[in-house]
Every structure is written in C-alpha cells, then in structure tokens.
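Visitor: Hi, could you walk me through this model? I'd like to start with the ligand and then look at some helix packing.

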Amino acid sequence: MKSQVFAEIADASRRNILAELRRGPRTVSELVSATGLKQPNVSNHLARLRDCGLVEATKRGRLVFYALNDPRVEAALGIAANGLCTRAHDPISLATYVERYAEAAVRGEEAACVAVVDELLALHVDLVTLYSDVLGPAMARVGDGYVLGEIDEGQEHLASAITERAMARIVHFRTKGVMNERLALLGCSAGNLHTLGLRMLSDYLASEGWEVRFLGANVPHQAFLEAELRYEPEIVLVSCGARGTEEACESLVRALSDRKPLRPDLRVGVGGRCALEAAPRFLEAGADFTARDLREFAAVSLPSLAERRRPPGANRL
Ligand code: B12
C-alpha cells in the first residue's frame, strides 16, 4: 500500500490533485480550476487514483465528488508533504508554533492563538497534525506549567477554553462536505472533566463525514446510556481521563456492551489518560478497542471498524 501511495504521488499533477482533495471533496470542474490542468487530464489522473484506492467518488444528486479514501492516505500524504513538498510543518518549525500557541493560551490571548491556527491552516496542515502535533503538545506544556507552579488553575482553565474555540475553527475548515451516514456518540465518563482529547476524536470523525453527538464532560452513567438508546450510534467512544474515575468508566463500558445482543453492530472504544493503564479492565468489560491517541485511532481503530462494517463498494460509484 505504502509503496503504491508514494508511486502515485511521485507525479506532480496527481500530487496537486491530492493536495486539493486534502482540503475536502471536489468535483472534476473544481479540480480543473484549482490545479490548472485540462479536464481530460484531471479525469485520467482521478481514474488512476481511484484504481489504486487512493481516491473515492461519491454521487450527490447530479454531482460527483472525489475525496481521499482512507485516513492512512491522509497520513501518507502528510509524510510526503513534509518530505517532498514543503518544510512548513516539519517537527522543528511545528515546535515554534507549539511554543507560540502555548504562551498565548496561558496569557489568555485567544486572538493570538487563533492567529497561530490560521497560519497553519493557510499552510494546509491537516487536522490530525494540528491536533496531535500542535494543540495537544501545547496543552501538555500548559500542564507542565501548572505542575511547576508557573501558572495557576485559572490559567489552565483559560487555556482549555481558548483551545476549545480554536478547535471549533479548525474543524470548520477541515470538514469534508460529504456525510457518510454513520453516527458516533462520544462522552467523558462520570468524574472526567478532560474533554479536549475526546473532542479531537469527535472533530476528526466529523471531518471524515460522520455525524457526531458529543456529550462533553462528566456525563452521568444513566444519561450516557439514554443517549445511546436515543441515537443508536454505530460507535460509542468513552474517555477516561482522570485517575479515580476508572470504576465509573468500567461500569459504563459494561452497561453499553450488555446491549450488544440487541445491537450487534455497536462498537465501544475507550481512551484517555487512564485508559491505557486500565486497558485490560475495559477490554474485559466488553470494550472493542482502546487507542493511545488520535493518530492511532485514525490509522488503526477506525479503519478496522470500517472494514468490519462497510459492505465493499457501498456508497461508491
Ligand atoms: C487541560 C487540563 C485540564 C482541564 C481540562 C479542560 C478540558 N476541557 O478538557 C481542567 C483544568 C478542567 C483540568 C482539571 C483537572 N486535571 Co487536568 N490536565 C489538563 C492538561 C493540562 C491538558 C489535557 C489535554 O487536553 N491534553 C491534550 C489532549 C489532546 O490529550 P489527551 O487528553 O490525553 O487526549 C488524547 C488521548 O488521551 C486520546 N483520547 C482521549 N480520550 C479518548 C477516548 C477514546 C475512545 C480514544 C480512543 C482515545 C482518547 O486521544 C486524545 C488525542 O490524541 C493535562 C496535562 C497533560 N500533560 O496532558 C492535565 C492532566 C490531564 N490533569 C490532571 C489532573 C490531576 C487534573 C485535576 C485532578 C487537578 C488539576 N486541576 O490539574 C483536575 C480534575 C480532573 C477531572 N476530574 O477530570 C493530570 C491527570 C493525571 C491522571 N492520570 O489522573 C494531568 C496529566 C496533569 C498532571 N501532570 O498531573 N485539567
């Protein structure tokens, strides 16, 4: 798969098409105007990219939209973009953005944080990179500052609130227009206030066309279960991010898993700071998977769910 991906993106025209598709689904005529290529050329390149599974086509009314087919393609393109096209988001320059963002966030300067985000959006940095390599590390710095006594709890809250807003901006610009008719329910189990990480997964799913229902922080057990009944999601993602709340999370996972005889397609995933240490416990309670972070979720957990659920060729031309 990897060598095929790199063979395809070795061609500059196809790379331009793929770069445009990283911004969201496009019709042939949109690709023609974005790349400056002739329409038959665009169609030929698209046929080739579809043949090797990099791109998929979806018909919406009378229009056909082309989109990147798989999070692994997105990841491979990110690697290629770092290596081949631009040094804009190599680890060294991203570190500068992390620093600028974290400093602005602890000062409580939302506009400065948004300016950092906007620069990265303008450089076509993808959502997974923005979250995993910029906002996540910046929040970890905020945490370090708190532990070292350099900032107080109010500043930690302020930085978190700003980051929620910055993420809303990112997801707005990184969401593909096409819905895939799949629904996910997400929430933090009782006692857990750490919403940002789970929100990153929620935004990633939204950017991939999922409908999401995000319940937020500290969701009471019964309320979570009722939401599951109401929405009948395909996946439920539970975040366990605070020590001492593992038991509440485990009992939620057990209660959700008990529904599988009636809802055989339901999949339950658990993550968050405490989920890795307590992973065997959650898996024993019926969780289908745990994942360390957004990258693992996007590259491993979600594609494996997609393989299980989506009938081959469904929703494709
Ligand atoms: C911001 C923050 C807060 C904010 C949260 C605001 C919000 N809206 O989220 C506030 C101020 C409320 C807060 C409160 C507390 N916090 Co706090 N907080 C942090 C901080 C600084 C950043 C967390 C963060 O957003 N990280 C960025 C995200 C991207 O990372 P993440 O949460 O780990 O999420 C990733 C993965 O875990 C995973 N993931 C998460 N959920 C899920 C779910 C699924 C299904 C999957 C597959 C994956 C997944 O994917 C995410 C993306 O990659 C960390 C420090 C740090 N180094 O992380 C401390 C930290 C998490 N907090 C900590 C603590 C102790 C607390 C408090 C008890 C005391 C305090 N004030 O610090 C309270 C109460 C916590 C509670 N009851 O939940 C500890 C946790 C230790 C532990 N293991 O329990 C940390 C590590 C700080 C520390 N070094 O001591 N906190």
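Visitor: Which residues come nearest to the ligand?
Guide: Of the 38 residues around the ligand, Gly143, Gly197, Ala242, Arg243 and Gly271 come nearest. A residue is near if its C-beta atom, placed from the backbone, lies within 6 Å of the molecule. Elements giving two or more residues to that shell are α8 (127-147), α9 (153-174), α10 (196-207), β5 (235-239), β6 (267-271) and α14 (294-309). Helices (H or I, at least four residues) and strands (E, at least two) are DSSP runs, numbered from the N terminus.

Visitor: Before I go on, what kind of model is this?
Guide: It's a predicted model: local features need pLDDT of at least 70, side-chain atom pairs count only at pLDDT 80 or more, and totals for chains, interfaces and linings use all residues. Residues are numbered from 1 along each chain as its sequence is written.

Visitor: OK, back to the ligand. Which element gives the largest share of the shell?
Guide: That's α8, with 8 residues.

Visitor: And what's the shell like by class?
Guide: The shell has 18 nonpolar, 15 polar and 5 charged residues. Here Ala, Val, Leu, Ile, Met, Phe, Trp, Tyr, Cys and Pro count as nonpolar, Asp, Glu, Lys and Arg as charged, and the others, Gly among them, as polar.

Visitor: New topic: how do α8 and α9 pack, parallel or antiparallel?
Guide: Their axes come within 11 Å and cross at roughly 175 degrees, the axes being lines fitted to C-alpha atoms over the stretch in contact, with angles from 0 to 180 degrees between N-to-C directions. So α8 and α9 are roughly antiparallel, a label for angles over 145 degrees, while under 35 counts as roughly parallel.

Visitor: Which residues make that contact?
Guide: From α8 they include Leu127, Leu130 and Met139, and from α9 they include Ala159, Met167 and Ile170. In contact means C-beta atoms, placed from the backbone, within 7 Å. The contact of α8 with α9 divides into 10 nonpolar, 1 polar and 2 charged residues.

Visitor: What about α8 with α10?
Guide: α8 and α10 pack at about 170 degrees, axes 11 Å apart, and are therefore roughly antiparallel. Leu127 and Met139 are among the α8 residues in this contact, and Leu196 and Met200 among those of α10.

Visitor: And at what angle do α11 and α12 pack?
Guide: Helix α11 (residues 221-231) and helix α12 (residues 246-257) pack at about 30 degrees, with axes 10 Å apart, so they are roughly parallel. Phe224 and Leu225 of α11 are among the contact residues, as are Leu252 and Leu256 of α12.

How values were computed. Angles under 35 degrees count as roughly parallel, over 145 as roughly antiparallel, 65 to 115 as roughly perpendicular and the rest as oblique. Two residues are in contact if their C-beta atoms, placed from the backbone, lie within 7 Å.
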